[in-house]
Amino acid sequence: MRKTTKISRRENSNKAGYGFVSPYAILFTIFILTPVIMAVVLSFTNFNAIQFPSFVGFLNYINLITADEVFMQYVLPNTVKYAIIVGIGGYVLSFLLAWALSNLTKLPRTIFALILYSPSMTTGIAMTVLWKIMFTGDQTGYINSWLMELGVINEPIIWLVNTDYLLPIVIIIGLWSSMGVGFLAILAGILNTDESLYEAAAIDGVKNRFQEMIYVTIPSMKPQMLFAAVMQIVGAFQNGQISGLLAGNPTPQYAAQLIVNHIEDYGFIRYEMGYAAAVSVALLLIVQVFSTISKKLFGDD
Amino acid sequence: MAYKGHKINPKRFEKGQIKIILMVLPLVLITGLPIIFIIFHAFKPMEELFAFPPKFITTNPTFDNFRQLFKASRSAGIPLSRYVFNSILITGAVVFSSLVFSTAAAYALSKLKFKGRAAMLQINQIAIMFVPVAVMIPRYLVVNVLGLTNTYWAQILPLIPLPVALFLVKQFVDQVPQSLIEAAYMDGAKELQIYTKVIIPLIKPAIATAAILVFQQVWTNIEASNYYVNDDGLKSLAFYMNTLTSTTTTNTVAGQGISAAASLIMFIPNLVLFCILQNSVMNTMAHSGIK
């Protein structure tokens, strides 16, 4: 009897919990939470990074909604397009590829996983070099040279300045690098599914691999599915690196301007930190909405 | 014949797998192509960098680009080895502490009940969603106020708490059955023993994945060296490579080769770590204890 009461005490208020959490929690509070709170506070001020911030209430938010034409006309539609294609596309692709790889023997699986994950291992520098060379605007660029050889185009296309092509290029590169840590987590999750579940499901009338995926694989790895979904959402809304590196900030005629580029534009080019912070908070709210939806889908308790 | 249920992680090669390989292969090739391009480009001699029409494959591989890279560092006054040492020190310290702290916190947040647990999880999630550029300046102020500027600490401490790593590990700890922990508890194990003897061995895939993630974040981090440190002797390899490639003008053709060489040098440690840890990531755990 004493043991059971001990267990129930352990379940309700366990002091040891604080011990385990505190090293992380202390560093988190100092280096992440405090700066985040400061940024939220800054969003209610006018701050040029030199003078002390002055309080302006909701002015930044009101301006964002009513007066920022660039945001409404270019940044928001671009971000939505990018997020839908790269977010959903990348997520579905991550899952399907991880699932396909789990059906292979170890050697091909390892090699494929390595190659698929490799774009996530390249750094910012690598991307600039690589894609800029690929999409060079004259006939010395690789893409232009290939397309001209194949007879698809006669004149070289100035890829990174042409407003028609810029966003699609950014989206393609986004998809290229979307097999990230979420993909690895899904792969680990699938490979960790209890195999006896498949046998049981077959007895219960599951007829093919697709049904197995829906009724066995996904339900048994909800935590990984949720993790990957959140990572994909965050990645899809917070990517601005590609546009910035390829075409500079602001991108030509704002053709590939994403929310993050907008924040950088205001924060580090115009030094309107208060406004940049307000846009960041707005972005947080957008991401939060989608994460909540995915939590509903994959039942996080 | 009734469907028998297929095997995840098959041990032997079967005909059915050819179909899957054929479906995956095109995507794998497209994904791998740019990486192969960087490798080729890094070993291209000057005349091939200038070649017209541009050639994908290197015909006369050379180490010229790497030589140029080392030469540039020698003329800068601080030996390349110093940056390598800094990066190894910083990355090692961060990866180790980050993994210990995240797994401990994940265990507590997933399996131990205490006041404030749900709130902590929620705050951690929100931190993941807050865009990093927005906290750059406030973070700089925090580092400054704490007097960490111009120390190794400034490049280590702020990088240790990685909300994504905690979230990832916690998702895996969630899958460890409560009954297993209760059984250990009944046998007289204390929380610390449950953490080291039960949880850690069961979440190895999560630890390996988190290790890859944290390593990458720290190894390629430029922000810390850029904003928190003025002393060139304390800066990281990633920072140095970045300044080198941006100052030797990526726009010139000669600069391209050097940039590709620098990218390759930064990429290889990631690759090696992935190869070492992939076995644990894709390790099918023995299901004796779990579920």
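**View 1. A:Pro250 in the loop between helices H13 and H14 of chain A.** The loop runs between H13 (241-247) and H14 (259-269); helices are DSSP runs of H or I with at least four residues, numbered from the N terminus. The peptide bond from A:Asn249 to A:Pro250 is cis. Its omega is near -5 degrees. This is a predicted model, in which local features need pLDDT of at least 70, side-chain atom pairs count only at pLDDT 80 or more, and totals for chains, interfaces and linings use all residues. Residues are numbered from 1 along each chain as its sequence is written, and chains are lettered from A and ligands numbered from 1 in the order in which they are written.

**View 2. A:Tyr254, in the loop between H13 and H14 of chain A.** A:Tyr254 is not a glycine, yet its phi is positive, about 55 degrees. A:Tyr254 counts as buried because it has 20 C-beta neighbours inside 10 Å (buried: 20 or more other C-beta atoms within 10 Å; exposed: 12 or fewer; partly exposed: in between; C-beta atoms are placed from the backbone).

**View 3. A:Tyr271, in the loop between H14 and H15 (273-297) of chain A.** Here too a residue other than glycine has a positive phi, near 55 degrees. A:Tyr271 has 13 other C-beta atoms within 10 Å, so it is partly exposed.

**View 4. The contact between chains A and B.** Chain A brings 98 residues and chain B brings 97 (contact: C-beta atoms, placed from the backbone, within 7 Å). On the chain A side, helix H2 (residues 15-42) gives the most, with 19 residues. That side has 62 nonpolar, 24 polar and 12 charged residues. Nonpolar covers Ala, Val, Leu, Ile, Met, Phe, Trp, Tyr, Cys and Pro; charged covers Asp, Glu, Lys and Arg; the others, Gly among them, are polar.

Methods. Helices (H or I, at least four residues) and strands (E, at least two) are DSSP runs, numbered from the N terminus. Two residues are in contact if their C-beta atoms, placed from the backbone, lie within 7 Å.
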